[in-house]
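User: I'm new to this one, so please walk me through it. Start anywhere you like.

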Amino acid sequence: LPSQFSGLLGTVYRRGNLSFTRDGSALISPVGNRISVFDLKNNKCETFPLATRLNIVCVGLSPDGSLAILIDEEGAALLVSLIGKCVIHHFYFHKPVHSVSFSPDGKKFVITKDNVALMYHAPGKKREFNAFVLDKTYYGPYDETTCIDWTDDSKCFAVGSKDMSTWVFGAERWANLIYYSLGGHKDIIVACFFEENSLDLYTISQDAALCVWQCDTELDGLKPMPPKDAAREKNAEKNDEEFFEEPKGEEIRGKANPNEQETRDKVKYSRVAKYFFNKEGDFNNLTSAAYHKKTHLLVTGFASGIFHLHELPDFNLIHSLSISDQRIASISINCTGDWIAFGCSGLGQLLVWEWQSESYVLKQQGHFNSMVSLAYSPDGQYIVTGGEDGKVKVWNTSSSFCFVTFTEHTSGVTAVTFTSNGYVILSASLDGTVRAFDLHRYRNFRTFTSPRPSQFSCLAVDSSGEIVSAGSQDSFEIFIWSMQSGRLLDVLSGHEGPISSLSFNPMKCVLASASWDKTVKLWDMLDSWRTKETLILNSDVLVVAFRPDGKELAVAALNGQITFWDHENGVQTGSIEGRHDLQMGRKELDKITAKQAAKGKSFTTLCYSADGQSVLAGGLSKFVCIYNVKEQILMKKFEISCNFSLDAMEEYLDRRKMTEFGSMALIDEGAGGEDGVAIPLPGVERGDMSYRHFKPEIRVTCLRFSPTGRSWAATTTEGLLIYSLDSGLIFDPFELDIDVTPSNIHKTLHQKEYTMAIIMAFKLNEKKLIQEVVEAVPSNEIDVVCSSLPDLYVEKVLEFLASAFEISCHLEFYLIWAHKLLMLHGQKLKTRSVKLLPVIQFLQKSIQHHFEDVSKLCEWNIYNIKYALAVSQQRGMKRLAEETLVDEDDLDSDSDYLM
């Protein structure tokens, strides 16, 4: 199965800075160790297939929008092409980096780390041996540097610091400005911004104070250094540099209080005004800010989730709004100044707000804690997920957006599923309810409960969607309800341990239940719910799944084995020893090695592929294993994540983190001024000692294969990952012989032998060529071609049509093809329905998608035509003179306008 990563749903923002693309219509958001691009015009989201080693903390975009620099928690950087979506260069800054910013002309970029600012030559359009060449190092601040802003002509940049000072540095050595230090604040500098085409500066500190600085010189007034002074300075530096092996670039060392001689004939700043955001008694830390230079719009975000919009330099409040109950970690404004993006890392929220119309352009939020389960809709178009936060969310697989969230559950959701018609979602929860949600009206229309409150751990619904069953964790019983009436039909008892998994046979009304009492019981729903069969295993059973054709049952147990059963005869047909394939990682605080820990681990989630030939298995590890059922061998192992910010990623402990007193992970660093909500206790230097810092552990909680057979999804600590089977890059011919070449296919096409050309194109299996051949068939000959197609190629054409619907605009043409094929070959296809089901569902999903789009348009047009007709009839009616109170000319002009 040549699957490759195709999307990340369920998480929209983790930490780091948001940035809009150059045209302002798309937003780039760091999600853990990946980046997602939200196309706000076309309502689509895409996650790039590249990842850093740790979580991304800052992203810098080049002004032309083609390159991005991604820097992770340890200072490892990736240079990424946003056009090719690939990594161009790796670089390591050796220390955590706070921010990165390209100059507006795109020639330089600055990063801030520790108490220095480093200026590099920006990677050019030509090929270079080393993409990151250090140009200058700027010293000055005493504490860590926090933010950067450039002047519009790239001559100077400003850097804010935790020592409450802001420094203005010249990108070149100007005669009248090399460095300048500004004070005036009583807290960490959060942001600094230059005014448009000016050296005037705004600085904003964490205690919500804004200083306005005026400069006595314009940008044009910056004088280049006389050549002899520059040469003298260069020589002085050369003498210093003799001790160093490698050229370090130029160094500029600023002083906080230079003497009079040094400041003579230099640029001077004066503070014109100081404003405060907080009203009396409102101690609310300012956590992020953004400024739009053209419209003079300042947006500030606070630790309590409020944001303010001000117009500068007069500091007029436009409006303020509370958008979250967590701190706003990042703000970005697009190039036109219409849209403002906010990121809240506490809840993983991403919002785009249009401030003039006061409406949301985008409002997305992932699950607060980890996701626990997922299910595909029957047509593969939607995915529903349930999380420990008690929310049930429905995602669109083509746009990657969540379009509805149900919050009725009061405790964690343990299982979710769709009914066979695809319009009802069921979810089981630890709050003792099973709820049914309607996807037409988005409401909770049924709530199923048990006579005595019990926590439900698993859920299944039969193929008709009429019988709902849930397994209990504490009373060891299975409850059966009717979907129609909402009444409890029966309580199945017999298990002697908590019920861990339920699964209905897709073809018959048989329910399989797995329990910790080392048995799997099969219940016949039609024969008064009697136990038909009990399968006895030699370990606690964790998960059970039926093959899509209902003829086989897969069972995963606590000893790491996956066993396959012919449930009709109660015979075991095969088993897989999977424990060694799971490959556990060692957590930071584990006392035993990963190898020892793996002996007690097993698969906790299992599912069949759409064709039933292979099985996917995952558990408390970063790997997902795909096994071939017939051969009982491991086909492929997918590494779900390479993010070392998560726990249990490494197999061995990092010796560098070990001290004589134990692991460094045991030491909880008080989260100082980082998170903006530190409560300083008396005598405590950094932050609040009661703050807990934890690393989430990597795990796969649920796996599901799409009914279309084109992709599979996994809910993990990172979010909902989707892997699609990509056949576009592989040359995969079918029954190829020596005469089948592109030129021969074109020749056959010219001779109007369409059926032959189609068969030859499918033998070569090149998608572009198949499309060319199919689209060359005249619409009046489709009937003839369809009837003369061999059976083997009918399903291949159907599969091609399903994928062509997704991208092609020839809607009617392909609909004629699909219609003729299904009408002429329907009876023969029915006999192979189980094998063909994924293809048919893929086709249905594509057609349904178009139907929804086109039907809305048609309804709107029908309405407009009816309205136009009604108006024209009204206009032609003869009116009696005495009734005509309105002047006729007015009415005519009105209706003309309406037309």
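**Strands, helices and a cavity**

Analyst: Val 392 stands opposite Phe 406 in strand S34. This is a predicted model, where local features need pLDDT of at least 70, side-chain atom pairs count only at pLDDT 80 or more, and totals for chains, interfaces and linings use all residues. Numbering runs from 1 along each chain as its sequence is written, and side-chain values use heavy atoms, without hydrogens or water.

User: How do S33 and S34 pair, and over how many bridges?

Analyst: Strand S34 covers residues 402–406, and S33 runs antiparallel to it over 4 bridges. Strands are DSSP runs of E with at least two residues, helices are runs of H or I with at least four, and both are numbered from the N terminus. Two strands pair if DSSP finds at least two bridges between them.

User: What about the turn between S33 and S34?

Analyst: The two strands form a hairpin with 5 residues between them. Ser 400 in that turn has a positive phi of about 65 degrees.

User: Which residues sit on each face of S33?

Analyst: Val 392, Val 394 and Asn 396 are on one side, with Lys 393 and Trp 395 on the other, and all are buried. In a regular strand the side chains alternate between the two faces of the sheet.

User: What's on the S32 side of S33?

Analyst: Strand S32, residues 382–387, pairs with S33 in the antiparallel sense over 5 bridges. Tyr 382 stands opposite Asn 396 in S33. Their hairpin has 4 residues between the strands, and Gly 390 takes a positive phi near 80 degrees there.

User: And which strand is joined to S32 by another 5 bridges?

Analyst: S31, and the two run antiparallel. Met 371 has Gly 387 in S32 as its bridge partner. The S31 and S32 hairpin has 5 residues between the strands, where Gly 380 takes a positive phi near 75 degrees.

User: Why call S31 largely enclosed?

Analyst: Because 5 of the 6 residues of S31 (371–376) are buried, the rest of the structure largely encloses it.

User: New topic. How many cavities of 30 Å³ or more are there?

Analyst: There is 1. A cavity is a set of points on a 1 Å grid, over the protein atoms alone, where a 1.4 Å probe fits but cannot get out, and lining residues have an atom within 4 Å of a point. The largest cavity has a volume of about 40 Å³. Points are joined across faces, edges and corners, and the volume is the space filled by probe spheres set on them.

User: What lines the largest cavity?

Analyst: Leu 8, Leu 9, Gly 10, Thr 11, Val 12, Ser 36, Phe 38, Cys 45, Trp 395 and Ser 400. Strands S1 (3–9) and S4 (34–39) are the elements that give two or more residues to that lining.

User: Now the helices. How does the length of H10 compare with the expected one?

Analyst: H10 covers residues 811–831, 21 residues in total. It reaches 28 Å from first C-alpha to last, close to the 30 Å expected at 1.5 Å a residue. The expected span is 1.5 Å times one less than the number of residues.

User: Where is the kink in H10?

Analyst: It is centred on His 825, at about 70 degrees. The bend is the angle between axes fitted to the seven residues ending at a residue and the seven starting there. His 825 is also one of the buried residues of H10, which include Trp 817 and Leu 821.

User: What about H9?

Analyst: H9 (791–807) has 17 residues and reaches 26 Å, close to the expected 24 Å. Its buried residues include Tyr 793, Glu 795 and Phe 800.

Definitions and conventions: Buried < 20%, exposed > 50% of the residue type's maximum accessible area, 1.4 Å probe, protein only. 1 Å grid on protein atoms, 1.4 Å probe; cavity = no way out; pocket = protein on both sides within 12 Å on 5 of 7 lines; lining within 4 Å.
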